[in-house]
Amino acid sequence: MRLSRRGLLRAGLAPAAATALGGLASGCAVPTGSTGRNMVLWYWDGGLGDTVLKRAEARYGGSVDLRPIKIGGYYRSKLITTMTGRAHIPDIAGLKGEDMASYLPNADQFVDLRTLGAEKYRAQYLSWKWDQGTADDGTMIGFPIDCGPVAHYYQYGVFQKAGLPHEPDDVSRELNTWDRFFAAGEQLRKRIPGTYLLTDVNAVFENVVQQGSRRYVDKDRHFIGDQDHVRQAWALAVEAKRRKIVSDLVTGTPDQLSAIQDGKLPSQLNASWATNDLKSGVPKTKGRWRVAQMPVRPSNSGGSFLSVTKACREPEQAFQIITWILNAANQAQGFVDAGLFPSTPASYGLGQLREPDPFFGGQVTMDVFGPAAQRIAVAYNSPYDIALGQPLKDEIKNVGVLGKDPKKAWSDAMSKCRRIAQHLGVSH
């Protein structure tokens, strides 16, 4: 067994990116990307499907030498360093979804895709995903690649043994509130001792926050992580711990994977891309899994974009390449190749995404993920969300794994958030 390809979304201080990019004056980036026929595209491992990239190289080879380069390590840091240094800047750059809010305040370092005709493509993409790539002033810098609708993965046989609903439609219908979901976890533990519904409390806290339309900082640069929407997520996470439906294991560790394989962790709330993580991390569980809707409403985890940098000498050509790579047919291929869930609803009905999946007992998982993707709540993503959400995530983990007193953990999280907010110039 190996650890998840994606694991936890990498956290970092978004303002660091804003500061670094801010060092570039508007419009002064040296055009060091394309040089006539040469056009460079930066992405990361798993960021785009290999089949589509090869087809793009062949399709546009008569007019441009497209060179996709897979960047390893800390992608965002390398892109920022390159742009700050004004040398070897890619023409087309992938932008990870969790980092998008940190790029938007520096939208002038990218080509406004509206000037290249982006608006005529809007209706083909999920509206909430399209909006995530757009700055407050309307400048569009990110063209949608994938998204990560979250669903409820569960092991059919374990749920059946515990006397729980076990057909996907039944699980979706009968475990459709957090209270019913938690009650199922209690029944699971009683019927099969040593078994837990979820790995940790963070799965509850983070998904409840992501289900809503607000995060940690609003458009007025005010900290809202102490308001009811976050308090409710915190309270539900604490309730999950109190009702003993979560383990004390850490997500992504070998111990967690062993527990999953042994059926001791037969359930998780995770994004569409986790299908590949399960297949590679616990291949012996093939056929045991099914997918249902998560309680209340879906949330989103992950998903990325392509941009055209100001260094690009042929932005029209770059945009033409982007829109072809990310059309509905090619996004479907990206899902087959790399588990990149399409941001184009037209993809969901295509034959290659309607194939029964043996790993999931022959279920057509698109029947769950497709509707989920279209029900994601639109939320404002602040460049300060990562920094000001992290103390809360850290402290709720302390509650779940270390048994820290929830009131003390909340107080400590708020103290840290206030210090960070003051440092970043965020009111509170």
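Q: Where is the place of G142?
A: This is a predicted model. In it, G142 sits in the loop between α5 (127–132) and β4 (143–144).

Q: Is G142 buried or exposed?
A: G142 counts as buried, because its relative accessibility is 0% and the buried class covers values under 20%.

Q: Which residues is G142 in contact with, leaving aside its neighbours within four places in sequence?
A: They are M100, L113, G133, F305 and L306.

Q: And how are G142 and S304 separated, along the chain and between C-alpha atoms?
A: They are 162 residues apart along the chain, and 8.3 Å separates their C-alpha atoms.

Q: Let us turn to the chain as a whole. How many helices and strands does it have?
A: The protein chain has 17 helices and ten strands.

Q: What is its radius of gyration, and what would a compact globule have?
A: The protein chain has a radius of gyration of 22 Å. A compact globule with 428 residues would have a value near 22 Å, so the two agree.

Q: What box do the C-alpha atoms fill?
A: Taken along the principal axes, the box is roughly 65 × 50 × 35 Å.

Q: What percentage of the residues count as buried?
A: Of the 428 residues, 56% count as buried.

Q: What about the accessible surface of the protein chain?
A: The accessible surface comes to about 17,400 Å², and 49% of that belongs to carbon and sulfur atoms.

Q: Among contacts between residues at least 6 apart in sequence, what share join residues at least 24 apart?
A: The share is 78% for the protein chain.

Q: How many positive and negative charges are there, and how far apart are their mean positions?
A: There are 52 positive and 42 negative charges, and their mean positions lie 3 Å apart.

Q: What does L388 touch, not counting residues up to four places away in sequence?
A: L388 touches Y216, V217, F223, C417, I420, A421 and V426.

Q: Why is helix α13 described as largely enclosed by the rest of the structure?
A: Helix α13 spans residues 315–325, and nine of its eleven residues are buried, so it is largely enclosed by the rest of the structure. The buried residues are P315, Q317, A318, F319, I321, I322, T323, W324 and I325.

Q: On to F181. Which helix does F181 lie in, and is F181 buried or exposed?
A: F181 lies in helix α8. With a relative accessibility of 0%, F181 counts as buried.

Q: What does F181 touch, not counting residues up to four places away in sequence?
A: F181 touches H152, L175, L197, L198, S267, L269 and P295. Between F181 and W410, which are 229 residues apart in sequence, the C-alpha distance is 24 Å.

Q: Where is the place of A183, and how does A183 count at 32% relative accessibility?
A: A183 belongs to helix α8, which covers residues 178–191. At 32% relative accessibility, A183 counts as partly exposed. A183 and I245 are 62 residues apart in sequence and 8.7 Å apart in space, C-alpha to C-alpha.

Q: Where is L164 found, and what does L164 touch, not counting residues up to four places away in sequence?
A: L164 is found in the loop between α6 (156–161) and α7 (168–174). Its relative accessible area is 6%, so L164 is buried. L164 touches F159, A184, Q187 and L188.

Q: Finally, backbone angles. What is phi of H88 near?
A: Phi of H88 is near 60°, a positive value in a residue other than glycine. Most residues other than glycine have a negative phi. H88 is in the loop between α3 (75–85) and β3 (92–96), and H88 is exposed, with a relative accessible area of 68%.

Q: What about phi of K244?
A: Phi of K244 is near 60°, a positive value in a residue other than glycine. K244 is found in the loop between α10 (228–242) and α11 (254–261).

How values were computed
Residues are numbered from 1 along each chain as its sequence is written. This is a predicted model: local features need pLDDT of at least 70, side-chain atom pairs count only at pLDDT 80 or more; totals for chains, interfaces and linings use all residues. Side-chain values use heavy atoms; hydrogens and water are left out. Contact means heavy atoms within 4.5 Å. Helices (H or I, at least four residues) and strands (E, at least two) are DSSP runs, numbered from the N terminus. The radius of gyration is taken over C-alpha atoms; the globule rule is 2.2 Å times the number of residues to the power 0.38. Buried means under 20% relative accessible area, exposed over 50%, partly exposed in between (1.4 Å probe, protein chains only). Accessible areas come from the Shrake-Rupley method with a 1.4 Å probe; for residues, only the protein chains shown count as cover. Lys and Arg count as positive and Asp and Glu as negative; His and the chain ends are not counted. The place of a charge is taken as NZ of Lys, CZ of Arg, CG of Asp or CD of Glu.
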